[in-house]
Amino acid sequence: MTDLALGDRHSRPLDGLGNEAEMITVLLRAGSVTGKVNRQHMLVCLTNLTARLHGVVRAIQVDVEGDISVVRPNGAGPIDAMEGLENLATWANGGRIPVLPEDGTADIVVDLTGKGASGADLYCWGAGWKAWIGREPHRFERGSDRRESIGPYLAACLVAGELFKRAKGLRKGRFADDDAYSLWDGSAGRWDDLDDGPNLVGSHLPPLYLIGAGAVGQGFIQILGASELADTFVVSVDHDHHDKEGTNLNRCFLAGIADIGQLKTHAVARYRALSGLGGMEHAGTLRDYIKGAHPGLHPQLAEAEATDEYDLVVSAVDIDTSRQDIQGLHPRIVIGGSTDSLRAQSVTYGLVQGAECLGCWNVPNDNLARAAEREAALRAMSEADRRRELAGHVDDLDAAMAFLASKQPKCGQMGERDVKSFVGRMPPEFSVSFVSMTAAILTAAGLFRVVSGETKSRSPKTVFQFKNLSMAETATPRRDGCPYCSGS
């Protein structure tokens with residue numbers, strides 16, 4: 001099995017970062033974690049994130065004592081912290097990025113203790129709905145050790161983002177200095193000035209649908225399962241697998257090496273069992289789900305489906321056709337999470353007058369026109385550039401070159417099928433673990449706010465940009481002619 005099987009989309013060129021990473025060894029200084037739930041969440045999430053950054057992280061060293069009791073993507077129940085983290089990394093990446101004891105060789109030291117220990121390069125803390133990262137020990141009061149996973153998970157993402165930027169080299173943007181964020185009101189600033197949200201532990205959520213069990217969907221399920229909610233039922237719908245070509249395991253947080261080639265919904269079902277999260281999975285498309293029968297469905301959902309009503313839907317898909325299918329159900333509320341390069345965002349649709357719906361700007365691309373443009377671009381290249389572009393991506397390179405060199409190519413000509421397949425296959429875009437998890441966190445925060453009723457006077461969209469570490473709320477207006485907004 002090659003490293004490609006872990007997913008290499010985080011290795012693709014990206015504006016603002018260097019093209020090659022300088023491999024780093026990271027030391028996570030956690031101290032005693034027994035009974036310290038916030039610290040355990042940060043440590044488990046950060047280990048899971050960095051263990052998937054192959055080609056960037058060489059090894060993860062850990063200074064930790066005590067037991068981990070919070071649920072992990074590969075297990076539940078108390079376990080010796082070092083053993084649990086070693087097992088987590090091996091499960092996630094097959095040993096490519098190991099978890100090791102501290103030996104004094106780390107390139108970057110991260111302090112998770114929240115005690116102001118000296119000598120680290122980065123410090124982080126997360127509690128309740130808030131997260132913080134800095135270059136010096138924090139100067140604020142941490143307050144009580146709340147059990148929510150949402151703030152600690154964002155803190156882990158902040159650290160992973162800084163490690164990635166330091167390894168790749170930053171050309172545009174900035175590094176963390178003393179930055180705090182509130183997931184309750186979507187604001188950034190100083191820790192003491194930010195509002196915290198309500199206690200989530202023991203709270204009840206209405207039954208809901210999750211469409212898409214890939215990176216954002218799995219992160220969303222992980223946060224729900226780790227949040228110690230009292231009553232939850234999630235119907236997860238996805239037809240896709242953790243593919244053998246290795247484009248998604250670097251950010252599918254509930255899947256390990258053994259899940260390559262397996263359905264994404266299998267990983268969701270396994271984590272639900274570990275965490276006690278209620279629900280069911282449908283290994284098929286949303287259109288398939290609508291047509292089928294569903295024994296074991298939550299009675300409230302079954303009653304609503306009988307009249308074609310879908311109240312609360314989470315969209316974690318990255319294909320515009322699928323987004324159109326979701327909006328076509330006319331749900332009362334849709335909460336969508338997505339990523340774009342180093343930007344994560346979540347949008348709550350259906351609550352703000354005049355704001356976009358999920359279908360407004362997510363219009364499917366004209367794939368035929370896009371393929372024709374790519375073929376025209378190939379024909380305009382020099383022969384050497386064309387050969388470099390096609391090499392390794394077509395079965396018969398010489399035949400493909402001859403087809404493209406033809407001024408009047410014939411239908412069925414040798415090489416045509418190779419060229420048409422190449423131009424119709426869009427290269428996967430950049431994506432990385434900590435951005436996908438942040439989109440999942442923002443989506444979960446949006447759900448919790450909706451359920452709590454705190455949505456008035458709120459902008460529907462929250463955006464986090466890792467390049468400049470900004471988090472802000474905004475809104476996008478409806479698109480003229482949208483068939484859903486216009487009521488047609």
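Colleague: Which residue forms a salt bridge with D107?

Modeller: Keep in mind that this is a predicted model. The partner of D107 is R58, with the closest N and O atoms 3.6 Å apart.

Colleague: Where do D107 and R58 sit in the chain?

Modeller: D107 is in the loop between β5 (99-101) and β6 (108-111), and R58 is in strand β2 (residues 57-65). They are 49 residues apart, and the pair links distant parts of the chain.

Colleague: What does the pair of R135 and D177 tie together?

Modeller: Parts that are 42 residues apart in sequence, because R135 lies in the loop between β8 (130-134) and α3 (150-168), while D177 lies in the loop between α3 and β9 (178-182). R135 is partly exposed at 47% relative accessible area, and D177 is partly exposed at 40%.

Colleague: And what is the N to O distance between D311 and R332?

Modeller: 2.5 Å, in a salt bridge between their side chains. D311 is in the loop between α7 (299-305) and β14 (312-315), and R332 is in the loop between α8 (320-327) and β15 (333-340). That pair is 21 residues apart. D311 is partly exposed, with 37% relative accessible area.

Colleague: Which residues are linked in a network of salt bridges?

Modeller: R146, E148 and D196.

Colleague: Changing topic to the surface. Which residues gather in a patch of negative charge?

Modeller: D67, D80, E83 and E86. One of them, E83, is found in helix α2 (residues 81-93). E83 counts as partly exposed, at 40% relative accessibility.

Colleague: Now the helix. Which residues of α12 are buried?

Modeller: In α12, which covers residues 416-424, the buried ones are E416, D418, V419, F422 and V423. They lie on the same side of α12, because they cover an arc of only 160° around the axis.

Colleague: Why do residues three or four places apart point the same way in an α-helix?

Modeller: Because an α-helix has 3.6 residues a turn.

Conventions: Residues numbered from 1 in each chain as written. Predicted model: local features only at pLDDT ≥ 70, side-chain atom pairs only at ≥ 80, totals over all residues. Heavy atoms only, no water. Buried < 20%, exposed > 50% of the residue type's maximum accessible area, 1.4 Å probe, protein only. Helix = DSSP H or I, 4+ residues; strand = E, 2+ residues; numbered from the N terminus. Arc of directions from axis to C-beta. Patch = residues over 30% accessible without salt bridge, like charges linked within 9 Å, V, L, I, M, F, W, Y side chains within 5 Å. Areas by Shrake-Rupley, 256 points an atom, 1.4 Å probe, with all protein chains shown as cover. Salt bridge = Lys/Arg side-chain N within 4 Å of Asp/Glu carboxyl O. Lys, Arg positive; Asp, Glu negative; His and termini not counted. Charge placed at Lys NZ, Arg CZ, Asp CG, Glu CD.
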